Amino acid sequence: MTSRLQADTNPYIAFSDLTLNLVFVLIFFLGGILAVGQAGWEQVRYRNAQERVVQAVRAAPLKVRPLLLSPAQRNDPPGAQRWVFRSKGMFLGDTAALSPAGQTALVAFARVLRAEQGQWKRVRIEGHTQTSKPNMPERWDLSATRASAVASAFYLKGGISPNRLAIAARGGQTPYASVKFDPRNERVEIVVEYAQKSAP
């Protein structure tokens, strides 16, 4: 004897459920494709401008040539290009005072950027210090005043308008190669921003 309590499968409901699930999968798939595509487009959008600045820096007769970091090394957003000057020789000892050689190198770099200023939106100057030892305070002040000294040189002698400059103090929070107490941690990073909206 067949039980009358056993539910019959309704083919229309099963088909509706399957269709609804397929629609959701398709929506998520398209959303993922659009997100990846937008990121890729943003990268391509600024590539020509970034390449022009790279070529200008390489062609310039700079006595001190900054290192260009890969965007992946700092997880920068599209439209940002990061150049590194080591602090050694740029500043007088453990201070924020630029050495004559340091000022000359930075001003020469700023003039290359000024000549290509139609390609970028803003320059952010980040000061970085050595990693602080346990129970020692961060050196925010030194990183801030070094970044400020570089910005002043860019503006006063490099000819870059101050409304296109910004500074940031990073202290020892971002070791150069994720290695604490590496000598390369003492540095200034020049972030050239190409995006319409400034990077955070």
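I began with the aromatic cluster, which is formed by Trp83, Phe85, Phe109 and Phe154. The model is a predicted one, in which local features need pLDDT of at least 70 and side-chain atom pairs count only at pLDDT 80 or more, while totals for chains, interfaces and linings use all residues. Residues are numbered from 1 along each chain as its sequence is written, and side-chain values use heavy atoms, with hydrogens and water left out.

*Aromatic pairs.* I looked up the ring pairs and found three in the structure. Rings of Phe, Tyr and Trp (its six-membered ring) pair if their centres lie within 6.5 Å; planes under 30 degrees apart count as stacked, over 60 as edge-to-face and the rest as tilted. Phe85 and Phe109 make an edge-to-face pair, because their ring centres are 5.4 Å apart and their planes stand at 75°. I then noted that this pair ties together parts 24 residues apart in sequence, since Phe85 belongs to strand β2 (residues 80-86) and Phe109 to helix α3 (residues 100-115). Helices (H or I, at least four residues) and strands (E, at least two) are DSSP runs, numbered from the N terminus.

Buried means under 20% relative accessible area, exposed over 50%, and partly exposed in between (1.4 Å probe, protein chains only).

*Helix α3.* I recorded 16 residues in α3 and a reach of 23 Å from its first C-alpha to its last, close to the 22 Å expected at 1.5 Å a residue. The expected span is 1.5 Å times one less than the number of residues. Among the buried residues of α3 are Leu106, Phe109, Ala110 and Leu113.

*Charges over rings.* I found the charged end of Arg146 over the ring of Phe91, 4.6 Å from its centre. Arg164 lies over the face of Trp120, at 4.1 Å from the ring centre. The criterion is NZ of Lys or CZ of Arg within 6 Å of the ring centre and within 35 degrees of the ring normal.

Leaving aside residues up to four places away in sequence, Ser143 touches Gly127, His128, Thr129, Ala169, Arg170 and Gly171; contact means heavy atoms within 4.5 Å. Ala49 is in helix α1 (residues 11-59) and counts as buried at 14%. I noted that Ala49 and Tyr194 are 145 residues apart in sequence and 7.7 Å apart in space, C-alpha to C-alpha.
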